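The following paragraphs lead through one protein model, element by element. Please keep the sequence and the three-dimensional view at hand while reading.

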Amino acid sequence: MGKLAVYKYVAMMFLVLQIVVSVFTITALFGGDVSPIGNTARSLLVYALPLLIIANILLLPYWLIRRRWIHALIPIITIACCVPYIGTIFQFGSYDKIAEAKTGLKIATYNVAMFGRETSGFRALDILAEMRRQKVDVLCLQEYNETSGDKKNSIPYKEYFPYMQVGRSDMVIFSRYPIKDSKTLLFDDTNNSAMWADIEFKNGQQIRVFNVHLQTTGINRTLHQASKLRNQGSDIDLSENRVINAIIGNYMLGMMFRVGQAVTVANEKRSSEKPCILCGDFNDIPYSYVYNTMLGDMVDGFKECGSGGFMYTMRDKRKPVRIDYIFHDASLKGLTYYKGDITNSDHFPVYMKIAL
């Protein structure tokens, strides 16, 4: 009798756990539909979605082994609801050489981290060589630095990309096709910005390319400052809880900034009469409010024609997240989408081939 009671108790606990996990998963799935302003907890659940999905996958075998088919439907339905989200971070397809060989526009976005502020210019030249090898037509750079020592980086770049448009000093679009018009979008109370350039192709078609760099998370800066103060033997309270609270505070502040910046870019994009491509460093994950706002009625290139399995664009192994994107209007068609593997920044470059 005692064993039966324990057996039923364990089964009940698993059922409660399954219901809680599934409720949190579905809530997180739609967390990006509401602004983080006033809905902080719900919005932050989006960031736990991968762990919640894994929890559902781990719970499913328990119900199958126990032959509780009705209970097994709970994680199965939950996981099925998450399939669209999973497609934003994982694609089974392999690199399509046939599609890559088709005529189209090859676009790349890359946060180059000021080329590491090195003075020789070698890092900038390495990146240029990689863009040549990838046969990139339009290159959007964030955290761009015009000078390396006494050398101007734009000089060698313009040998391959004859046309160049600078937004704010750290934002630039290089193009092998003429740039007919452009605009810089400045964000309030921050050094981040966005820009667009109208690029005209040989057939006379023009496409508006957005280059975007949204507010950073502030996590690296907070950790760096805490480490620096510790090394200096500062008297400031640097307990683990205090550092964690600082990280959360800075992250929430950055999230609020990104919300307003995303709305600004989305409104600018909607006012365009030309087909648009939107790319850059969003500093936010798929299915977040920022991601959904920027995406709007556009197509996420990775979901459409991505390859390479799990997609992450940060080189830091502690943060395997996708925060760099290329979107395009539904009137355009994606052919290939993948990230590069060069190590000249804390980001990976992202490439996409689009049919014209």
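The model is predicted: local features need pLDDT of at least 70, side-chain atom pairs count only at pLDDT 80 or more, and totals for chains, interfaces and linings use all residues. Residues are numbered from 1 along each chain as its sequence is written, and side-chain values use heavy atoms, with hydrogens and water left out.

Strand β12 (residues 299-300) is joined to β14 by 2 bridges, and the two run antiparallel. Strands are DSSP runs of E with at least two residues, helices are runs of H or I with at least four, and both are numbered from the N terminus. Two strands are said to pair if DSSP finds at least two bridges between them.

How many of the residues of strand β14 (residues 324-328) are buried? The count is 5 of the 5, so the strand is largely enclosed by the rest of the structure. Buried means under 20% relative accessible area, exposed means over 50%, and partly exposed lies in between, with a 1.4 Å probe and protein chains only. Asp 324, Ile 326 and His 328 point one way from β14, Tyr 325 and Phe 327 point the other way, and all are buried.

These strands belong to an open sheet of 6 strands with mixed pairing, in the order β8-β9-β10-β11-β14-β12. At its edges are β8 (179-186) and β12, each of which pairs on one side only. Lys 183 is found in strand β8. With 37% relative accessibility, Lys 183 counts as partly exposed. Apart from its neighbours within four places in sequence, Lys 183 is in contact (heavy atoms within 4.5 Å) with Ala 194, Met 195, Trp 196 and Glu 268. The C-alpha atoms of Lys 183 and Phe 210, 27 residues apart along the chain, are separated by 9.5 Å.

Another open sheet of 6 strands, also of mixed pairing, has the order β6-β7-β3-β2-β16-β15. Its edges are β6 (163-166) and β15 (333-339), each with a single partner strand, so one side of each is left without a neighbour in the sheet. From one strand to the next, the twist averages 15°. The pairing of β6 with strand β7 (residues 171-175) is antiparallel over 4 bridges, and Gln 165 stands opposite Ile 173 in β7. Helix α7 (residues 122-133) packs on this sheet, where α7 touches β2 (105-111), β3 (138-142) and β16 (350-355). The direction of α7 makes about 155° with that of β2; axes are lines fitted to C-alpha atoms, for helices over the stretch in contact, and angles run from 0 to 180 degrees between N-to-C directions.

Two further helices can be read by their faces. In an α-helix there are 3.6 residues a turn, so residues three or four places apart point the same way. Helix α3 (residues 49-66) has 18 residues and should span 26 Å at 1.5 Å a residue, which agrees with the 26 Å between its end C-alpha atoms; the expected span is 1.5 Å times one less than the number of residues. The buried residues of α3 include Leu 52, Asn 56, Leu 59, Trp 63 and Arg 66. Viewed down the axis of α3, the buried residues fall within an arc of 170°, so they line one face of the helix; the arc is that of the directions from the helix axis to the C-beta atoms. The face turned away from the buried side of α3 carries the exposed residues Leu 51, Leu 58 and Ile 65. Just after α3, Arg 67 takes a positive phi of about 60°.

In helix α4 (residues 69-81), His 71, Ala 72, Pro 75, Thr 78 and Ile 79 are buried. These residues fall within an arc of 125° when seen down the axis of α4, so they line one face of the helix. Exposed Trp 69 and Ile 70 are carried on the face of α4 turned away from its buried side.

For the chain as a whole, there are 12 helices and 16 strands, and 50% of the 356 residues count as buried.
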